[in-house]
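Q: I would like a close look at one part of this model, with the cut-offs spelled out. Please take the strand pairing and then the ligand surroundings.

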Amino acid sequence: QHRFWETQPVGQFKDAGDTSIPDGPIEQPTPVSAVKQEPYNLPGLYEWTTCDMDDDHTCTEVYTLLSNNYVEDDENMFRFNYSKEFLHWALRPPGYFKSWHIGVRVKASKKLVAFITGVPARIRVRDEVVRMAEVNFLCVHKKLRSKRLAPVMIKEVTRRVHLENIWQAAYTAGVVLPTPITTCRYWHRSLNPKKLIDVGFSRLGARMTMSRTIRLYKLPEATMTPGFRKMELRDVPAVTRLLKGYLSQFAVAPDFDDNDVEHWLLPVEDVVDSYVVESPETHEVTDFCSFYTLPSSILNNQNYSVLKAAYSYYNVATKTSLLQLMNDALIVAKQKDYDVFNALDVMHNETFLKELKFGPGDGQLHYYLYNYRLRNALTPFELGLVLL
Ligand code: YNC
Ligand code: MG
């Protein structure tokens, strides 16, 4: 029933529980010279294009395709609305390959109708650091769905990843495919409960009034931890150290160096926000938290068109409690006018979700590895990886 995925080097459902198959790569690499040199064939009306994300016009075309055709919730009330600035950031990390930013155009009109991307990453799986592609932004225009275009796009990105001598990938999806390494849930913390209820994102609880609900989610005006401030360039080495220490305990996590931290965690306005706690006495950086900005378009509402959402990214608490650190993250998100703060139940997030009044969402997020088998699924709290 997975005509395409059954042909791919991924954990197959039929092998679940088979302990005779070892963990690790499913297929061995071939010499790069043996990788297919020509792109896969597309249906005749379409052509491949490499999207130059430094080109403002191309970036706008990608933005427009995604804003009209990318991921929606199950009830089709909201659709992710990644900003151009976000796409520019997400697709150009250290060592990125332009050739992994792949579009499909209509030959006649040159209209962009499909997209898929990879970016390079070093991901540690248990004791092994593996060069991988993080594959994201797979999108086929609504009018071209169910025509088996997605498998061609996945094969083409795979080919271009192989051409860089990389043989593994990590990705997430809302759909179940062979075979998740773990399944996570999003939790949501209301910051602007009135708007969230008005647009149908949340509902008034049983025996709750609007004013009681607003009071329930009220936050202090100012952050509470002494020394809590925005992360700066000079904090990169300390943040890298904190992250390395923290992420080492998870079964699957990125292996970040200073360059990665500078790219992925240094604040970019309306894209990624990071805060550190600098001890007022020793000036040591002891804690760190971050979130990224991913608005959703609100479909079919008279009063509102955008939901402003913050997504918990990487957080490390050593001196401050994680609870207090995340409460400060909520406070800054509220100050910056976000409507909701979202977090997955990965890493140690379980320890603050309920206490800080996050509620469980419907809809799950499945994590996958390509060409790397893990015999035993992980629990979400063994996972140290957040993909965008
Ligand atoms: C999906 N999300 O199962 P089977 S997440 C992977 N990820 O194959 P068709 C998916 N595969 O089951 P459509 C998938 N969704 O027959 C569907 N599939 O084996 C599989 N939605 O293809 C599906 N973006 O073209 C089936 O389907 C086959 O026209 C059917 O296109 C699918 O970015 C899609 O949700 C998702 O734009 C493009 O529905 C379309 O429906 C769409 O007939 C809205 O495809 C947006 C959306 C997905 C977001 C994401 C991660 C993608 C990961 C892809 C896998 C990467 C593997 C690693 C490659 C590098 C390897 C190295 C080394
Ligand atoms: Mg299709």
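Which residue in S9 stands opposite arginine 124? Please build the rest of the picture around that strand.

A: Alanine 253 in S9 stands opposite arginine 124. This is a predicted model, in which local features need pLDDT of at least 70 and side-chain atom pairs count only at pLDDT 80 or more, while totals for chains, interfaces and linings use all residues. Residues are numbered from 1 along each chain as its sequence is written, chains are lettered from A and ligands numbered from 1 in the order written, and side-chain values use heavy atoms, leaving out hydrogens and water.

Strands (E, at least two residues) and helices (H or I, at least four) are DSSP runs, numbered from the N terminus. Two strands pair if DSSP finds at least two bridges between them.

Start with S9, residues 252-254. Three bridges join it to S4, and the two run antiparallel.

Next comes S3, residues 101-106. It also runs antiparallel to S4, with five bridges. Arginine 105 faces leucine 112 of S4 across this pairing. Five residues lie between the strands of the S3 and S4 hairpin, where lysine 110 has a positive phi near 65 degrees.

S5, residues 128-140, pairs with S4 over eleven bridges, again antiparallel. Here isoleucine 123 is opposite valine 130 in S5. The hairpin of S4 and S5 has two residues between the strands. Arginine 126 takes a positive phi there, near 50 degrees.

S4 itself covers residues 112-125. Of its 14 residues, 13 are buried, so the strand is largely enclosed by the rest of the structure. Buried means under 20% relative accessible area; exposed means over 50%, and partly exposed lies in between (1.4 Å probe, protein chains only).

Now ligand 1. S5 leads there: S5, helix H3 (149-162) and strand S6 (168-173) are the elements that give two or more residues to its shell. H3 gives the most, eight residues. The shell has 33 residues, and His2, Phe4, Trp5, Leu138 and Ser146 come nearest. Near means that a heavy atom of the residue lies within 4 Å.

Polar contacts are pairs of N or O atoms within 3.5 Å. Serine 146 places a polar backbone atom 2.7 Å from an oxygen atom of ligand 1. For alanine 150, a backbone N or O atom is 2.8 Å from a ligand 1 oxygen. Arginine 3 has a polar backbone atom 3.3 Å from an oxygen atom of the ligand. Taken alone, ligand 1 exposes 1200 Å², and the protein buries 88% of that. Accessible areas come from the Shrake-Rupley method with a 1.4 Å probe.

Conventions: Polar contact = N/O pair within 3.5 Å; in protein donor to acceptor, adjacent residues only side chain to side chain.
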